[in-house]
Amino acid sequence: MKKAIALALALTMGLSLVACGSSSSGNSSSSAASTTAASSESSAANESPASSESSAADTAVEDITQGEKLNIKWYAVLPDTHPTITPYAELFDEIAEETNGRITFTMTAGGVLGTEQEGFDMIRDGTVQGGMMNTSYYESYVPNSQGWMMPYTFTDYELALKYFNEVALPDWNEQIESSTNTIAVNAVSPGFRCLTCNTAVYKPEDASGLRIRSMESPMSQSYVSVLGGVPVPLAWAEVYMGLSTGSIAGQENPIAHIQTYNLFEVQDYLVFTEHAFILSWSIFNADFWNGLSETDRAYLTEKFTKEAQMSIESVNTYTEDTFGKLESEYGMTVITPENGLDKQAFIDNADKFLNENFTAPEYDGWWDFRNAAVEWCEANS
């Protein structure tokens, strides 16, 4: 019955693109527009020009209702129910209220405006002022950044995001702006990739010969090889159908995607490998961002710093809730170290694979970046 339902759904269901590096189009029509305006108290009108100097943060709070009216178009490829997207809606409502409707965001989620590649291009040329963008689109613009994408570089979700928000992103922003005309204001993540399939997998050998969906990039295909399977590059929009028909046996993505995209309907097992970290940035068109007043930039920087923490809390809550439902409601079998998963075998396989396939001089920078990230996390754990 599960398979029949899945096949029927596959024929009628157009999955929206997920922020997994795929550049194929999606049709999910979820759209979140956050343009609520509410009154906010302001003392600016009563303040004398000769008042004592205030901090930049105080100035931003006092003056934020004054100035040019802004309506910012915001792109998201994930649907508005996804735990990395819902915090944006909350933030944008808060901004509209605090600015008395002077700064509003209109977020169009679910890839309605186009594929993620198209969304990236729209932000770069200013058609859309900002959005959430998977960092895979920056691989060619930030040298050696693929080093952090190597399997098992990170093992702690919140520590990884702390590293990107406090260390990597400030270092990268100059390169990002000069090469892509975008500015990143925070890093967010739906979590670690895990394997789903219709075969019980406890160690890499159990996945031998299994055709597992991957993205096109060599690093993405390496994830599947590390898991023991055969990588099959496939557009995300085709994954559900491929899993339904058996043309692919599995896929790997964060747990949140399993519920968001109903993968539990076509997959029997979740294997808690946590083999790779997914990262996205909240970005603005650089010309738009630099054209804002200093007060507005300071205010929005502060708000998106807050949004990064909101996203962590949202993803943690959603993942915990979904994890509990996978077996009790969705009928999946969850394989973890507690019931036999040999996670160390996957880690060892990753080390073996990387040392056999990424040793050419062209990858030296990748290893330097990876090692620096690992060392920082160890020092700050």
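Modeller: Start with a term. A salt bridge is a side-chain nitrogen of Lys or Arg within 4 Å of a carboxyl oxygen of Asp or Glu. Bear in mind that this is a predicted model.

Biologist: What is the idea behind such a pair, and how many salt bridges does the structure hold?

Modeller: Side chains of opposite charge can pair when their charged atoms come close. The structure holds ten salt bridges. In one of them, E94 pairs with K306, and the closest N and O atoms are 2.8 Å apart. This pair links distant parts of the chain. E94 sits in helix α3 (residues 86-98) and K306 in helix α10 (residues 294-328), 212 residues apart. K306 is partly exposed, because its relative accessibility is 37%.

Biologist: Which residue pairs with R102 in a salt bridge?

Modeller: D296 does, with the closest N and O atoms 2.5 Å apart. Again the pair links distant parts of the chain. D296 belongs to helix α10, R102 to the loop between α3 and β3, and 194 residues separate them.

Biologist: Are R102 and D296 buried or exposed?

Modeller: Both R102 and D296 are buried.

Biologist: How do I read a salt bridge inside a helix?

Modeller: An α-helix has 3.6 residues a turn, so residues three or four places apart point the same way. Now take K162 and E166, both in helix α5 (residues 157-180). They are four residues apart, about one turn of the helix. Their side chains meet in a salt bridge, 2.9 Å from N to O. K162 has a relative accessible area of 36%, so it counts as partly exposed. E166 is also partly exposed, because its relative accessibility is 48%. Salt bridges can share partners as well: E94, E98, K303 and K306 are joined into one network that way.

Biologist: Next, the rings. How many aromatic pairs are there in the whole structure?

Modeller: A pair of aromatic rings is described by the distance of the centres and the angle of the planes. A search of the whole structure finds 36 aromatic pairs. One of them joins F284 and W289, with centres 5.0 Å apart and 35° between the planes, a tilted pair. F284 is buried, because its relative accessible area is 0%. W289 is at 8% relative accessibility, so it is buried too.

Biologist: What about nonpolar side chains? Which residues have the most contacts inside the largest core?

Modeller: In soluble globular proteins, nonpolar side chains tend to be buried together. Here the largest nonpolar core has 108 residues. F105, F154, F164, F277 and W281 have the most contacts inside it. Helix α5 gives the most to this core, with ten residues.

Biologist: Let us turn to strands. How do β6 and β7 run, and how many bridges join them?

Modeller: Strands β6 (residues 211-214) and β7 (residues 230-233) run parallel, joined by four bridges. For example, I212 has P231 in β7 as its bridge partner. With helix α6 (residues 218-227), the two strands make a right-handed β-α-β unit.

Biologist: Why is α6 described as largely enclosed?

Modeller: Because seven of its ten residues are buried, α6 is largely enclosed by the rest of the structure. The buried ones are M219, S220, S222, Y223, V224, V226 and L227. After α6 comes G228, whose phi is positive, near 105°.

Biologist: Finally, the whole protein. How many helices and strands does its secondary structure come to?

Modeller: Twelve helices and ten strands. Buried residues make up 54% of the 381 residues. Among contacts with a separation of 6 or more, 78% come from residues 24 or more positions apart.

Technical notes
Residues are numbered from 1 along each chain as its sequence is written. This is a predicted model: local features need pLDDT of at least 70, side-chain atom pairs count only at pLDDT 80 or more; totals for chains, interfaces and linings use all residues. Side-chain values use heavy atoms; hydrogens and water are left out. Buried means under 20% relative accessible area, exposed over 50%, partly exposed in between (1.4 Å probe, protein chains only). Rings of Phe, Tyr and Trp (its six-membered ring) pair if their centres lie within 6.5 Å; planes under 30 degrees apart count as stacked, over 60 as edge-to-face and the rest as tilted. Two strands pair if DSSP finds at least two bridges between them. A crossover is right-handed if, with the strands pointing away from the viewer, the path from the first strand over the helix to the second runs clockwise. A nonpolar core is a set of buried Ala, Val, Leu, Ile, Met, Phe, Trp, Tyr and Cys residues joined through side-chain atoms within 4.5 Å. Contact means heavy atoms within 4.5 Å.
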